Amino acid sequence: MTEPILQLIDCTRVHGQGETAVRALDGVSVQVQPGELVAVMGPSGSGKSTLLNLAGALDLPTSGQVVISGQSTSQLRPDDLAALRRRKVGVVFQDLNLIPSLTAAENIGLPLELDGRRVSEARRAAVGALHELGLDELADRYPDQMSGGQQQRVAIARALVGERRLVLADEPTGALDSVTGDGVLAVLRARCDAGAAGLLVTHEARHAGWADRVIYLRDGKVVDEAVGR
Amino acid sequence: MSVPLSLLALLSQGPAYGARIKADFEERTGRAFPLNVGQVYTTLARLERDGLVVADGGPDDEGRIPYRLTDAGRAEVGTWWERPVDRTEPARDELVMKLALAVATPDVDAHAVIQHQRTAAMAHLQRLTRAKLALSAPGSPPQTEPVPTPTSLSDEVVLEHRLYAVESELRWLDHVEGLLLHRRAPQSAPAPSVTLPSAASATAAPSAARPAPDPSTPISRPAAPDTRH
């Protein structure tokens with residue numbers, strides 16, 4: 001069996017202390033394999049954002065372990081954790097995904113440049129990523145010259161540039177209309193089919209339909225799981 | 001009734017015999033409503049009796065009789081396109097009945113009923129999404145603005161209806177689950193003697209230190225989760 005790209009092992013996250021302590025996540029275990037897209041659903045306050053923060057190494061579990069590409073986030077020093085986030089994890093939010101003063105190719109190449117790669121090398125990787133998604137014509141466009149759907153697809157390309165194989169998406173279709181939103185999710189699905197691992201947080205069942213597995217959270221616990229295939 | 005009107009709509013494009021009408025009907029409705037040719041001829045006979053279609057000449061070499069619309073038939077089709085379909089009469093729905101009974105039957109775990117149904121619905125939604133993906137250009141991610149052929153557009157219309165129906169069902173299940181969680185509190189507490197909102201909120205108020213509950217949601221637990229979706 002292949003090594004999961006993301007593992008949450010019995011993760012609990014408690015915010016605050018004493019009487020005011022809130023158990024935002026309570027003994028949650030999730031694995032995402034290469035090629036797999038997992039959706040996380042649940043009402044507001046169920047722990048979806050906490051789970052995403054742990055999965056993206058933006059936060060550490062109070063107990064349990066988060067393992068990203070074989071590295072346990074709790075055992076890394078802060079600078080190694082930052083490097084892990086930069087190299088291994090891509091994030092797509094609802095909006096504010098792209099830097100307005102950079103072209104699509106520059107936006108996609110940015111994580112590589114931050115990691116010390118040469119500009120030409122980053123550009124080559126960015127153009128390649130756009131080509132894989134059939135978005136070649138967007139390379140030199142600025143965000144304000146692209147539609148919302150195009151921007152989100154570029155954001156997915158950036159999330160998976162270089163050696164990144166884990167994409168975390170938080171309501172990535174935001175305010176897009178349903179047809180354009182479907183186009184964005186189709187790209188996310190295609191990247192996962194090509195070997196990436198995806199974790200999609202959504203409250204739209206329709207979006208979760210694109211996933212291989214759907215996990216339901218309530219009060220910080222996994223209460224249900226649906227497998228489509 | 002929709003099948004006779006659908007046949008009239010097809011005949012408004014020109015005369016056709018029964019087998020042709022059957023094939024056109026199935027192709028243009030996403031193959032979601034199969035007809036048998038006998039049913040088509042029975043319907044044509046009824047439409048002929050009602051003066052909406054007439055035989056367009058005699059039988060051909062293979063004995064097939066083409067039919068065409070009369071003026072009355074053409075008017076009927078026109079009215080159909082103009083008039084909204086009456087959706088105000090709810091269909092008899094087993095799930096609605098089952099869940100309505102489940103929440104009112106003390107020894108039934110309505111949460112479990114919801115959970116099982118949700119798992120099945122989600123898996124169905126995932127399968128439909130897969131089917132949709134297969135419908136759009138197989139092997140490549142769909143473009144933002146797809147330009148489907150008329151036939152595939154019909155297929156898509158029918159498939160999308162099924163997707164939206166399952167999505168709607170999932171949202172309804174989530175909502176009912178939220179309602180259950182909110183309504184549970186008074187069952188374990190002493191039953192209020194008066195059920196008016198103001199009296200109920202006074203009964204349910206857990207302590208003087210906590211702000212009074214919103215009278216519009218009189219029955220809720222202090223720690224009830226947010227059920228917005």
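Predicted model: local features only at pLDDT ≥ 70, side-chain atom pairs only at ≥ 80, totals over all residues.

1. Let's begin with two helices of chain B. Helix α5 (residues 94-104) of chain B and helix α6 (residues 110-135) of chain B have axes that come within 9 Å and cross at roughly 155°. Angles over 145 degrees count as roughly antiparallel, so α5(B) is roughly antiparallel to α6(B).

2. Which residues make this contact? From α5(B) come L95(B), K98(B), L99(B), A102(B) and V103(B), while α6(B) gives A110(B), V113(B) and Q117(B). By class, the residues of this contact are 6 nonpolar, 1 polar and 1 charged.

3. Now find where the two chains touch. Chain A brings 29 residues to the contact and chain B brings 26 residues. On the side of chain A, the elements giving two or more residues are α5 (148-159), α6 (178-193), α7 (205-208), β9 (213-218) and β10 (221-227). The largest share, 6 residues, is from α6(A). That side of chain A has 12 nonpolar, 12 polar and 5 charged residues.

4. Finally, look inside. The largest nonpolar core has 79 residues, and V167(A) and L188(A) have the most contacts inside it. Leaving aside neighbours within four places in sequence, V167(A) is in contact with residues including V92(A), I156(A), L160(A) and L188(A). Another core, of 14 residues, lies apart from the largest one; among its residues are A16(B), Y17(B), I21(B) and L69(B). In soluble globular proteins, nonpolar side chains tend to be buried together.

Conventions. Residues numbered from 1 in each chain as written. Chains lettered and ligands numbered in written order. Axes fitted to C-alpha atoms, helices over the stretch in contact; angles between N-to-C directions. Helix = DSSP H or I, 4+ residues; strand = E, 2+ residues; numbered from the N terminus. Parallel < 35°, antiparallel > 145°, perpendicular 65-115°, else oblique. Contact = placed C-beta atoms within 7 Å. Nonpolar A, V, L, I, M, F, W, Y, C, P; charged D, E, K, R; others polar. Core = buried A, V, L, I, M, F, W, Y, C linked by C-beta atoms within 7 Å. Buried ≥ 20, exposed ≤ 12 C-beta atoms within 10 Å, placed from the backbone.
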